[in-house]
Amino acid sequence: QNSTAVALTETREDKEVRKARALKDYRYFVSTYFAIYADADCADFHVDFANRVLKEPNKISIAEWPREHAKSVHLDIILPMWLLIHGELTGMILMGKNQDDAINLLSDIQAQLQHNMLFVHDWGEQFSYGDWSEGDFTTKGGIRFLAIGRDQSPRGARKGEKRPNYAVIDDVDDDKLVNNLRLVKEIVKRILGGLF
């Protein structure tokens, strides 16, 4: 909240200029609304990835970025909010190693949607009373966010007429899984089957 306060002296024109630029420029979107994460400018590969996902919504992508290159921050938080402001997000599923881990990862975007004051000021209130549970919440606009573990089925994740069109698989592996090819194949089959 503190890092996203709205200037009291801001004019309506200031707001509209900021929104118009944020819709066109992912790097600006990140530095403006997510300064808490933006210790440095986005890398070109962050920007390219975000623009590609926006342009090609039916694409399956793998972010093979080195450790400490903000994979979870971009894919779990910023990129879905970028899709949201463009009217392209109808729902999100986040799959983790287990449901607790997935809930923990999803809680970051939930906090941003509720407490990022500048984002709320510019793009409208997202918080929905009575439908804001940990790991399974829906925005005022009817966009559902769901956390699941790798052994859970994603079926039935729609909200009303809206089916999720964005899924992230994050930190799904563990020491047991990575050393067992049969288990890896099962998880890949589940991802390319039920989740896809």
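**Surface and core**

Tutor: This is a predicted model. In it, Ile60, Val188, Leu192 and Phe196 make a nonpolar surface patch of about 440 Å².

Student: Why is Leu192 called exposed?

Tutor: The relative accessibility of Leu192 is 52%, and exposed means over 50%, so Leu192 counts as exposed. Leu192 is part of helix α8, which covers residues 181-195.

Student: Which residues touch the most other members of the largest nonpolar core?

Tutor: They are Tyr26, Phe29, Ile109, Leu113, Phe119 and Phe145, out of 43 residues in that core. Several elements, including α2 (26-33), α5 (99-115) and β4 (144-149), each supply at least two residues of this core. The most comes from α4, with 9 residues.

Student: What does Ile109 touch, not counting residues up to four places away in sequence?

Tutor: Ile109 touches Asp76, Ile77, Pro80, Met81, Met92, Phe137 and Phe145. There is also a second, separate core of 11 residues, among them Met95, Ala157, Val172 and Leu177.

Student: How do you know whether the radius of gyration of the chain agrees with that of a compact globule?

Tutor: For 196 residues, a compact globule would have a radius of gyration near 16 Å. The chain has 17 Å, so the value agrees with the globule rule. The C-alpha atoms fill a box of roughly 60 × 40 × 30 Å along the principal axes.

Student: How many of the residues count as buried?

Tutor: Of the 196 residues, 42% do; buried means under 20% relative accessible area.

Key:
Residues are numbered from 1 along each chain as its sequence is written. This is a predicted model: local features need pLDDT of at least 70, side-chain atom pairs count only at pLDDT 80 or more; totals for chains, interfaces and linings use all residues. Side-chain values use heavy atoms; hydrogens and water are left out. Patches are made of residues with over 30% relative accessible area and no salt bridge: like charges are joined within 9 Å, nonpolar side chains (Val, Leu, Ile, Met, Phe, Trp, Tyr) within 5 Å. Accessible areas come from the Shrake-Rupley method with a 1.4 Å probe; for residues, only the protein chains shown count as cover. A salt bridge is a side-chain nitrogen of Lys or Arg within 4 Å of a carboxyl oxygen of Asp or Glu. Helices (H or I, at least four residues) and strands (E, at least two) are DSSP runs, numbered from the N terminus. Buried means under 20% relative accessible area, exposed over 50%, partly exposed in between (1.4 Å probe, protein chains only). A nonpolar core is a set of buried Ala, Val, Leu, Ile, Met, Phe, Trp, Tyr and Cys residues joined through side-chain atoms within 4.5 Å. Contact means heavy atoms within 4.5 Å. The radius of gyration is taken over C-alpha atoms; the globule rule is 2.2 Å times the number of residues to the power 0.38.
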